[in-house]
Amino acid sequence: MKQLGENDPVLIKALEDIVQTSISEALLQKPVFTLREILPHKTAVDLKGLAKASQVTGYSKMKKAELVDALCDSLPNPDNMEIALNCLEQQEWEFFKKVAKQKQLSDNLVFVDSFVTAQSFGFLQAFFDDGNMIFVVPKEIRTVFADMVRNGTVDRIERSVLLDCYAQAAVNL
């Protein structure tokens, strides 16, 4: 059986595919670090989807700037964050926690499945700049997440994610 090596074309192609898929989900710019800086780069359709998920009232009639303002207020809500974070799969949860511990994480070999859900919730943003994938949890989200760590909410989420993982394993027995 052939060993995969660093010059193996199959391995090189697989790694290129991982990077290209991640780039397709990223903002093509230098990273920014707050919701107010990140959200204006999203489309109005994406912002309306975030607003609907965040239970922003009247979002369907709002202009883009109004959506950004409303989301800057609603996304860092601890109760909504807990509900949304409970929806993450284990690999998504682990990646979110890893990024939330720092200002940014640079890693070109992150599978899109590790970040796309948290990004769709507005809790994480991928950037591609100067040949690098950079992941950011906005400052406001990191602040709320740190409070959730201190008050035990993250422990509850951790148990929920593990229970979901065990349930999926039991179904597949």
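A disulfide is a covalent bond between the sulfur atoms of two cysteines. For this report, the test is a pair of cysteine sulfur atoms within 2.5 Å. The model examined here is a predicted one.

**Cysteines**

How many disulfides does a search of the whole structure find? The search finds 0. Cys-87 is in no disulfide. The nearest cysteine sulfur to that of Cys-87 belongs to Cys-165, and it is 16 Å away.

Are the two cysteines buried or exposed? Cys-87 is exposed, with a relative accessible area of 51%. Cys-165 counts as partly exposed, at 29% relative accessibility. The cut-off for exposed is over 50%.

**The sheet**

Strands of a sheet pair through backbone hydrogen bonds, either parallel or antiparallel. Here, 3 strands form an open sheet with antiparallel pairing. In what order do the strands lie? The order is β1-β3-β2. The edge strands are β1 and β2, and each of them pairs on one side only.

| Strand paired with β3 | Residues | Bridges | A residue and its partner in β3 |
|---|---|---|---|
| β1 | 105–106 | 2 | Leu-105 and Phe-135 |

Strand β3 itself covers residues 132–136. Of its 5 residues, 4 are buried, so β3 is largely enclosed by the rest of the structure. Buried here means under 20% relative accessible area.

Strands β2 and β3 form a hairpin with 2 residues between the strands. In this hairpin, Asp-130 takes a positive phi near 55°.

**A helix pair**

Two packed helices are described by the angle between their axes and the distance between the axes. Helix α3 spans residues 44–53, and helix α4 spans residues 64–74. What are the values for this pair? The angle is about 35°, and the axes are 10 Å apart. The crossing of α3 and α4 is left-handed.

Which residues meet? From α3 come Ala-44, Leu-47, Lys-48, Leu-50 and Ala-51. From α4 come Lys-64, Leu-67, Val-68 and Leu-71. By class, this contact has 7 nonpolar, no polar and 2 charged residues.

Notes: Residues numbered from 1 in each chain as written. Predicted model: local features only at pLDDT ≥ 70, side-chain atom pairs only at ≥ 80, totals over all residues. Heavy atoms only, no water. Axes fitted to C-alpha atoms, helices over the stretch in contact; angles between N-to-C directions. Left-handed = near helix turned anticlockwise from the far one by under 90°. Contact = heavy atoms within 4.5 Å. Nonpolar A, V, L, I, M, F, W, Y, C, P; charged D, E, K, R; others polar. Buried < 20%, exposed > 50% of the residue type's maximum accessible area, 1.4 Å probe, protein only. Pairing = 2+ DSSP bridges.
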